[in-house]
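I opened my notebook to look up a few side chains in this model. Here is what I went through, entry by entry.

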Amino acid sequence: MSLPTHNDSPVLAVIGGTGLYALPGIGNLERVRVDTPFGDPSDDLVMGSIYGRRVCFLARHGESHSILPHRINYRANIWALHHVGVRRIVGVNAVGGMRGDMGPRSVVVPDQLIDYTHGRADSFSDVEGAAVNHVDFSSPYTDSLRRELLASALDCGQTLISEGVYGATQGPRLETVAEIVRMRRDGCDLVGMTGMPEAVLAREMDLAYASLCIVANWAAGCGPEGEPPAAEISVEEIHAHLAVATARIPPLLGRLVSRMGMD
């Protein structure tokens, strides 16, 4: 497949996380492998159309979910999307909920994040000869794209939680109760493993970026108000919650695409 020109560049890219390895509803599918200066992306880019508008999908962990969160080549992923003309990205992230209204199967559009990861390649500036780029990251998610997501949800009759603080941890293990206590004290509402450095790399490329967080489980030591937390987190329950909540995502994203004009 040849790379798109400006006129047929995707109006939106979706980076799918755990539970979202393809985007139903895309027509005229083509796959493209992009070689990047940073190595291989997680998988082929899947190019296609929704409502006659060109879109792009990338499975963050690979379509077989074979790449651990701390081993994802975030730089290659973002570079590849930028290379095919993407200007807007929605990252779909499976997370644990800490706040009382963020139980399993909730969908949240966070507005802030705290980064607890370490050792990840988190800047395009960190290569020989590159200029140092001190990007403003005060607001890590693009507000205009967040608003479009929330409006699209209303159009679909869905209710999303419109704000929250995402805490990005290293993974692949889940967190201890003490770590979640600390994160709640820091102000986190959600915990996930893939929100960074994806968000800041998009900012360095001057791409609009927002996150759709699918709550798969209560974080360690958390639970519904007035009820004791579960003794342990069940992987089976996580996948069951994801299956239900992820079904909400394709129509929401389809509506988002339908609202976008051609670039």
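Predicted model: local features only at pLDDT ≥ 70, side-chain atom pairs only at ≥ 80, totals over all residues.

The entries below cover cysteines, aromatic rings and one histidine.

Entry 1: I searched the whole structure for disulfides and found 0. I then looked at Cys 222, which is in no disulfide. Its nearest cysteine sulfur belongs to Cys 188 and is 11 Å away, whereas a disulfide needs the two sulfurs within 2.5 Å. Is Cys 222 buried or exposed? I noted it as buried, because its relative accessibility is 5%. Cys 56 is also buried, at 0% relative accessibility.

**Entry 2: aromatic rings.** My search of the whole structure gave 2 aromatic pairs. One of them is Tyr 141 with Tyr 209, a stacked pair with 6.2 Å centre to centre and 20° between the planes. Where do the two partners lie? I placed Tyr 141 in the loop between strand S7 (112-115) and helix H2 (143-155), and Tyr 209 in strand S10 (residues 208-218), so the pair ties together parts that are 68 residues apart in sequence. Tyr 141 is buried, with a relative accessible area of 5%, and Tyr 209 is buried at 2%.

**Entry 3: His 65.** I found His 65 in the loop between strand S4 (53-59) and helix H1 (74-83). His 65 counts as partly exposed, because its relative accessible area is 34%. What does His 65 touch, leaving aside neighbours within four places in sequence? I listed Thr 18 and Tyr 21. With Tyr 21, the His 65 side chain makes a polar contact to the side chain at 2.8 Å. I also checked Asp 35, 30 residues from His 65 along the chain: their C-alpha atoms are separated by 21 Å.

Terms used:
Residues numbered from 1 in each chain as written. Heavy atoms only, no water. Buried < 20%, exposed > 50% of the residue type's maximum accessible area, 1.4 Å probe, protein only. Phe/Tyr/Trp six-rings, centres within 6.5 Å; stacked < 30°, edge-to-face > 60°. Helix = DSSP H or I, 4+ residues; strand = E, 2+ residues; numbered from the N terminus. Contact = heavy atoms within 4.5 Å. Polar contact = N/O pair within 3.5 Å; in protein donor to acceptor, adjacent residues only side chain to side chain.
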